[in-house]
Amino acid sequence: MKKQLAMTREPIAAARTLSEALPYLQRYAGAVVVVKFGGNAMGDADAMAEFARDIVLMRQVGVNPVVVHGGGPMINDLLAKLGIKSEFVRGKRVTDKATVEVVEMVLCGAVNKRIVQAINDQGGRAVGISGKDDDLMVCVADDPELGFVGRPVEMNVQVLRDLYNAGIIPVVAPVATGVADNETFNVNGDTAAGAIAGALKADRLLLLTDVSGVKDESGAVVTQLSPEQVRDMTARGIIAGGMIPKTETALLALEQGVRAVVILDGRIPNACLLELFTDHGAGSLIRSTEPRIKPRGE
């Protein structure tokens, strides 16, 4: 009898988890969720497969996921093989003509298609595009020091709506067209994800990182923040380094109509599912108004 009870605990726990997820599944049915995928998970086959499975599950339960990816480590590898040196200014890659050609090759080719294939392997329907396709993202130079690094100034997101309304998961490489002379621009992955989320008025923007979230003075992760708190923590130097562009992206996305942004630890198994479909979350949620009693997912 004891053995039989022990054997049933695991499936019972799994059933309970599914039952408890029902309000969240209902909450996000039909919602648009933009997911920025990057970091170490992109180079790990098991992590890639797990991410793809989560995205397919999101689609299966009625969420409309849009994946935007980076690919910095892969770009670095090919640049090194080609003998092209990389320089960085304020955390962004200086991109000359030779570098932007490599960036486009890597992001629109190998990286994008690898993610598409991973999603398809899990039973999803994914299509890979770049910011150039249908003029999804049109850019100007972000900073003369950075060369061909773009800042989106025009977004044409109907192609994304057409795809997810047809049951297809868009996977977007952050390479864009320039306003003048049809230049090619490299766009920071977080920046691209924020611009896409803002143009779609997404319900959630999930920025997957290799850190556990926004931390306070003591080093503890802050699970919920308002834009005012983010600005104050930045001014006091608590938010610093590589977290600054992520929080800047979050604030701009909120201003453009995104309901909430989450900076979450992509190293945690099933991070996206934890964030959307449980009350635990997996990082720092930034939103204009914080709920008092409602579940974290509301």
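Predicted model: local features only at pLDDT ≥ 70, side-chain atom pairs only at ≥ 80, totals over all residues.
Student: Which residues touch the most other members of the largest nonpolar core?

Tutor: The largest nonpolar core of this model holds 44 residues. Helix H5, which covers residues 97–121, gives the most to this core, with nine residues. The residues that touch the most other members are Val35, Met58, Ile119, Leu206 and Phe277.

Student: How many residues are in the other core that lies apart from it?

Tutor: Among the members of this other core are Cys139, Leu160, Phe185 and Leu205.

Student: Is Leu206 buried or exposed?

Tutor: Leu206 has its place in strand E11, which runs over residues 204–209. A residue counts as buried when its relative accessible area is under 20%. Because the relative accessibility of Leu206 is 0%, this residue is buried.

Student: How far apart in space are Leu206 and Cys272, C-alpha to C-alpha?

Tutor: Leaving out residues up to four places away in sequence, Leu206 touches several residues, including Val33, Val35, Leu264 and Cys272. Val35 in turn touches both Leu206 and Cys272, and Phe51, Ile55 and Met58 are also among its contacts. Although Leu206 and Cys272 are 66 residues apart in sequence, their distance in space, C-alpha to C-alpha, is 7.7 Å.

Student: How are helices H3 and H5 oriented to each other: roughly parallel, roughly perpendicular or oblique?

Tutor: The axes of H3, which covers residues 45–60, and H5 come within 8 Å and cross at roughly 60°. Angles under 35 degrees count as roughly parallel and those of 65 to 115 as roughly perpendicular.

Student: How many nonpolar residues are in the contact of H3 with H5?

Tutor: On the side of H3 the contact includes Ala45, Met48, Ala52, Ile55 and Val56, and these meet Arg114, Ile115, Ala118 and Ile119 in H5. Sorted by class, the contact has one charged residue and no polar ones, while the number of nonpolar residues is eight.

Student: Are H8 and H9 roughly parallel or roughly antiparallel to each other?

Tutor: Helix H8 covers residues 227–235 and helix H9 covers residues 243–255, and the two pack with their axes 11 Å apart, at an angle of about 150°. An angle over 145 degrees counts as roughly antiparallel. The orientation of H8 and H9 is therefore roughly antiparallel.

Student: In the contact between these two helices, which residues come from H9?

Tutor: H8 passes H9 in a left-handed crossing. H8 brings Pro227, Val230 and Arg231 to the contact, whereas H9 brings Thr247, Leu251, Leu254 and Glu255.

Student: How many polar residues are in the contact of H7 with H9?

Tutor: H7 and H9 pack with their axes 9 Å apart and at an angle of about 10°, and they are therefore roughly parallel. Asp190, Thr191 and Gly194 of H7 make the contact together with Lys246, Thr249 and Ala253 of H9. By class, one of these residues is nonpolar and two are charged, and the number of polar ones is three.

Student: What is the relative accessible area of Asp190?

Tutor: Asp190 lies in helix H7, which covers residues 189–200. Setting aside neighbours within four places in sequence, Asp190 is in contact with Lys36, Leu207, Lys246 and Thr249. Asp190 is buried, and its relative accessible area is 7%.

Student: How far apart in space are Ile196 and Val258?

Tutor: Ile196 is also found in helix H7, and with a relative accessibility of 0% this residue counts as buried. Beyond its neighbours within four places in sequence, Ile196 is in contact with residues including Val34, Val66, Met155 and Leu160. Ile196 and Val258 are 62 residues apart in sequence, and their C-alpha atoms are separated in space by 9.9 Å.

Student: Is Asp135 exposed or partly exposed?

Tutor: Asp134 has its place in the loop between strand E5 and strand E6, and Asp135 is found in the loop between E5 and E6 as well. Phi is positive in both, near 55° for Asp134 and near 50° for Asp135, although most residues other than glycine have a negative phi. With a relative accessible area of 55%, Asp134 is exposed. For Asp135 the relative accessible area is 38%, so this residue is partly exposed.

Note on methods:
Residues numbered from 1 in each chain as written. Heavy atoms only, no water. Core = buried A, V, L, I, M, F, W, Y, C linked by side-chain atoms within 4.5 Å. Buried < 20%, exposed > 50% of the residue type's maximum accessible area, 1.4 Å probe, protein only. Helix = DSSP H or I, 4+ residues; strand = E, 2+ residues; numbered from the N terminus. Contact = heavy atoms within 4.5 Å. Axes fitted to C-alpha atoms, helices over the stretch in contact; angles between N-to-C directions. Left-handed = near helix turned anticlockwise from the far one by under 90°. Nonpolar A, V, L, I, M, F, W, Y, C, P; charged D, E, K, R; others polar.
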